[in-house]
Amino acid sequence: MQANLFENCQYPVRKATIDAFAGVWQRTAESGPFWTGRDHMAIIQEARQSLECELCRRRLEALSPNAVDGVHDSVTDLAPVAIDVVHRIRSDPARMSKSVFDNALANGMTDSEYIELIGIVATSVVIDTLHQGLGLPVPETLPGSDAPPTGQKEPEVVDDGAWVRLAPRDGELNEVGIPRQANIIRAMGLVPLVIQLFFTVMRQAYYISNLPISIQRSQAEFIAARVSALNQCFY
Amino acid sequence: MLLRGSGEFELQGVMDTTIDPGVEHSPLLGQLVDAVISRRWDDVAGFREECVKAMGLQETVDAIAVASAFNGITRIADATGIPLDSGPAEATASMRSELAINDFAYGEKSRKYDHVEA
């Protein structure tokens with residue numbers, strides 16, 4: 001099944017953006033190092049479902065999300081621990097805390113599985129938000145591959161003050177040609193595939209590497225800063 | 001976060017509407033961004049058309065694209081607990097204190113939310 005993104009869009013989305021997003025969507029349907037393609041699609045479905053989930057709604061209304069117990073309204077057969085991480089990071093990123101990560105590990109998820117899952121959620125958030133922001137429905141999920149996870153060559157990572165191990169800060173270029181200096185570029189070092197997926201869409205949407213952009217740089221920074229503030233993102 | 005530090009606008013005006021950030025069309029861009037991030041799609045449609053009239057078609061697409069990009073990348077930071085980079089950490093120390101941005105620090109969030117009895 002071919003990924004058709006930005007179909008019937010009445011706004012001028014650049015061809016390079018459409019091609020990049022479609023390529024990433026298609027690749028997401030294939031198996032990754034630690035999750036199958038079918039899992040990837042389930043992660044995206046759960047991310048969308050979190051916005052309708054009663055438990056997530058009650059947690060959003062609580063002083064602390066951790067004060068509310070319950071079962072998520074889910075639409076897939078992903079393990080409950082995976083569903084909880086996906087719903088939290090999609091529906092309430094401002095109040096993600098280390099216990100969410102620790103709880104995932106305590107319930108059998110590896111740090112690499114966690115990072116691949118986060119990368120898929122974050123990538124789908126960019127793609128879904130741009131579609132909906134332009135008045136389009138979110139793209140249909142594809143039939144994901146049932147091929148077993150591929151595994152990967154052990155990446156070089158270091159402990160450097162984050163919850164997860166990071167790619168080294170060595171100034172080398174990452175998977176899409178961005179220097180590995182900033183921690184946000186190093187954050188998904190455990191799974192190079194999701195670095196490639198996420199930053200392929202990020203690069204097109206934020207016009208990194210001098211891609212053409214029609215708004216002023218100060219306007220782009222104003223928008224970026226406002227989104228970061230609304231999401232209460234410290235970094 | 002990946003901000004290129006143009007220094008061309010007043011950071012306190014990003015959220016405080018009483019302060020002019022010195023960015024062209026910032027009131028409208030702010031309304032558009034707020035509606036996108038809070039998923040008020042009917043409002044988005046209205047602000048989008050206002051942006052098209054005020055700024056142009058491609059400019060409107062690019063503005064929504066930047067908001068979309070940061071809606072995704074903030075989740076990576078929030079889910080991994082990465083520290084500030086050393087340069088920005090030093091350069092923004094007083095500003096973070098002044099704007100209470102330190103309340104969003106991942107250690108602070110974990111202290112707030114991880115010790116609550118259900």
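Predicted model: local features only at pLDDT ≥ 70, side-chain atom pairs only at ≥ 80, totals over all residues.
## Extent of the interface

The size of an interface is often given as the accessible area lost when the parts come together. Chain A and chain B bury about 7,100 Å² between them, and carbon and sulfur atoms account for 67% of this area. In terms of residues, 77 from chain A are in contact with 71 from chain B.

## Polar and charged interactions

Two salt bridges are found by the rule across the interface of chain A and chain B. A salt bridge joins the side chains of Arg14(A) and Asp62(B), with an N to O distance of 2.8 Å.

## Composition of the chain A side

On the side of chain A that touches chain B, two or more residues come from each of α4 (80–91), α5 (98–106), α6 (111–133), α7 (183–186), α8 (192–206) and α9 (217–230). The element that gives the most is α9(A), with 14 residues. Classified by residue type, this side of chain A has 48 nonpolar, 19 polar and ten charged residues.

Ala29(A) lies in the loop between α1 (15–28) and α2 (37–49) of chain A. The relative accessible area of Ala29(A) is 9%, so the residue counts as buried, the cut-off being under 20%.

Leaving aside residues up to four places away in sequence, Ala29(A) touches Gly37(A), Met41(A), Leu142(A), Pro143(A), Gly144(A) and Ser145(A). Of these contacts, Gly144(A) is 115 residues from Ala29(A) along the chain, yet their C-alpha atoms are separated by 4.4 Å.

Conventions. Residues numbered from 1 in each chain as written. Chains lettered and ligands numbered in written order. Heavy atoms only, no water. Contact = heavy atoms within 4.5 Å. Buried area = accessible area lost by both parts, 1.4 Å probe. Salt bridge = Lys/Arg side-chain N within 4 Å of Asp/Glu carboxyl O. Helix = DSSP H or I, 4+ residues; strand = E, 2+ residues; numbered from the N terminus. Nonpolar A, V, L, I, M, F, W, Y, C, P; charged D, E, K, R; others polar. Buried < 20%, exposed > 50% of the residue type's maximum accessible area, 1.4 Å probe, protein only.
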